[in-house]
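Here are my notebook entries from a look at how two chains meet. Follow along with the model open beside you.

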Amino acid sequence: MTDSMFALIAEELGRIAADKGEVLPELRADSVFLDGGLPIDSLDLATLLVVLEQRTGRDPFRAGLRHFTTVGELAALYAVPA
Amino acid sequence: MTAERPSWIHPGFRLVEDEACFGWSDLVSLPVPAGGIVLADRTSLTVAALAAAQRADAGLLLRRHAGPGEDWVPAPGFTVTLESSGTTRTPKRITHDFNILRNRIRAPHDAGARWLLTYEPAAFAGLQVILTAAAAGALLVAAAPGGGIAGLARTARQHAVTHVSGTPSFWRAFLTAGGDLPSLRSITLGGEAADQALLDRLRRGFPAARIRHIYASTEAGALFAVTDGQAGFPAAWLVDGREGTALRIRGGVLEVRGPRAMVAASTEVRTGDGWLNTGDLVEVTGERVLFAGRLDGLVNVGGVKVSPERVEQRLLAVPGVADAAVMPVASPITGFLLTATVVPDAGVDEAALRDALRGACADLVPAARPRAIRFADSLPLSVAGKKSRKGPS
């Protein structure tokens, strides 16, 4: 489940980066979203969460902000039904 | 014994509802609930209840939904109380002097006019259409409730209607409803800002029609009509006023002053010197004042205040877009984010359209761009026929 979520995140984040004319480096589970290593900003991350909700029908943030900084941590939030 | 026909109903007035045709003698014989409270889900009952309340010189409450709220007590004399369209919250009630409502109707006798009712009969805009058709001695066609746009389009064709008043959202959907649309003589838009792309489509689709869009504020009701086929209104009206209403812009918001604006019951929106704050954001572009969304519709995206309606107008102007809705969604990262749902014209390449939509927003600050764009066959509309604008909460 986490693997397929990881793949979905990589696909959608790649699309978001491509829309800005950027190329996403290969994602790892410990890739940090906003530490400058990825060509995305907070708006892009917010966009990713909206798209993930549209694709999965799940919104782990409905009850409020849950902590995550890495791709792996975000994938895990979707893996467990919120 | 038949009660005397009210003066606001021309003897030629006819109502078609559910394939049945009503004249005054049919309407007056309809049973009207006592007590002045009527669930106005039928146009026939609405007209009968208005006439009965006038005969009794009593107040009338036209309800749009069943449910609690039957404890209403009418003020003395003939007044009409309408409910706002809120379905979840308790509807707001606004009482109107019937003679003021009537006197705003300018409807010369026009027996050949065939009006389509696109609004609920007990909505303010619906009542205006009913009173207009009644005064003109026209035919008024009410589609069966719940039929949606397809039902309205079918009814419009079947009865070859000539006069239609509806929201811009109704018109965009009506234009995409398919089939031959009737040849209209009169087109009225109200309730939402009319964008230039829609006005141009209507002009092309109905070359013989008189097209006008109405500006109304929640508190003051209809204030003026624009008939030149252009979105917004002429900037010269900021100097000269329009239809007895003075207009000015303060802090980017349209303010109005005049007898019509005085009807406003609420005092909290007054500025202290008789001007009424409409809450509508406007921008002056050349010789034109254009609407740019609602002040209370601004949403905060990562610290930037953006107007979903303004972005929506950008999308509506893109060729191949039949309708579009830009909505804020809550985001744990940026507070809110704008998303768009777009109804493409038939046969449009979606990948190319997606590029064009993105291009139309490319010069906006990143926070104002719709970040997720979805395509759909239609947009959900509220019971008032407008795009459902969920507040940013």
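**Entry 1: who takes part.** I started with the contact, to which chain B gives 14 residues and chain A gives 14 residues. I am working from a predicted model, so I keep that in mind throughout.

**Entry 2: area.** The size of an interface is often given as the accessible area lost when the parts come together. I looked that up next: chain A and chain B bury about 1,100 Å² between them, and 73% of it lies on carbon and sulfur atoms. On the chain B side, I found that Pro332(B), Ile333(B) and Arg371(B) lose the most area to chain A. Together they account for 47% of what that side buries.

Entry 3: In one salt bridge, Asp19(A) pairs with Arg358(B), and the closest N and O atoms are 3.3 Å apart. I also noted three residue pairs in polar contact between chain B and chain A.

**Entry 4: the chain B side.** I then asked which strands supply this side. Strand S20 (321-331), strand S21 (335-344) and strand S22 (372-375) of chain B each supply at least two residues of the side that touches chain A. By type, the residues of that side are eight nonpolar, three polar and three charged.

**Entry 5: cysteines.** A disulfide is a covalent bond between the sulfur atoms of two cysteines. I searched over all chains and the count was zero. Cys21(B) is at 49%, so it counts as partly exposed.

Key
Residues are numbered from 1 along each chain as its sequence is written. Chains are lettered from A and ligands numbered from 1 in the order in which they are written. This is a predicted model: local features need pLDDT of at least 70, side-chain atom pairs count only at pLDDT 80 or more; totals for chains, interfaces and linings use all residues. Side-chain values use heavy atoms; hydrogens and water are left out. Contact means heavy atoms within 4.5 Å. Buried area is the accessible area (1.4 Å probe) that two parts lose on being put together, summed over both. A salt bridge is a side-chain nitrogen of Lys or Arg within 4 Å of a carboxyl oxygen of Asp or Glu. A polar contact is a pair of N or O atoms within 3.5 Å; within protein, one must be able to donate a hydrogen and the other to accept it, and residues adjacent in sequence count only if both atoms are side-chain atoms. Helices (H or I, at least four residues) and strands (E, at least two) are DSSP runs, numbered from the N terminus. Ala, Val, Leu, Ile, Met, Phe, Trp, Tyr, Cys and Pro count as nonpolar, Asp, Glu, Lys and Arg as charged, and the others, Gly among them, as polar. A disulfide is a pair of cysteine sulfur atoms within 2.5 Å. Buried means under 20% relative accessible area, exposed over 50%, partly exposed in between (1.4 Å probe, protein chains only).
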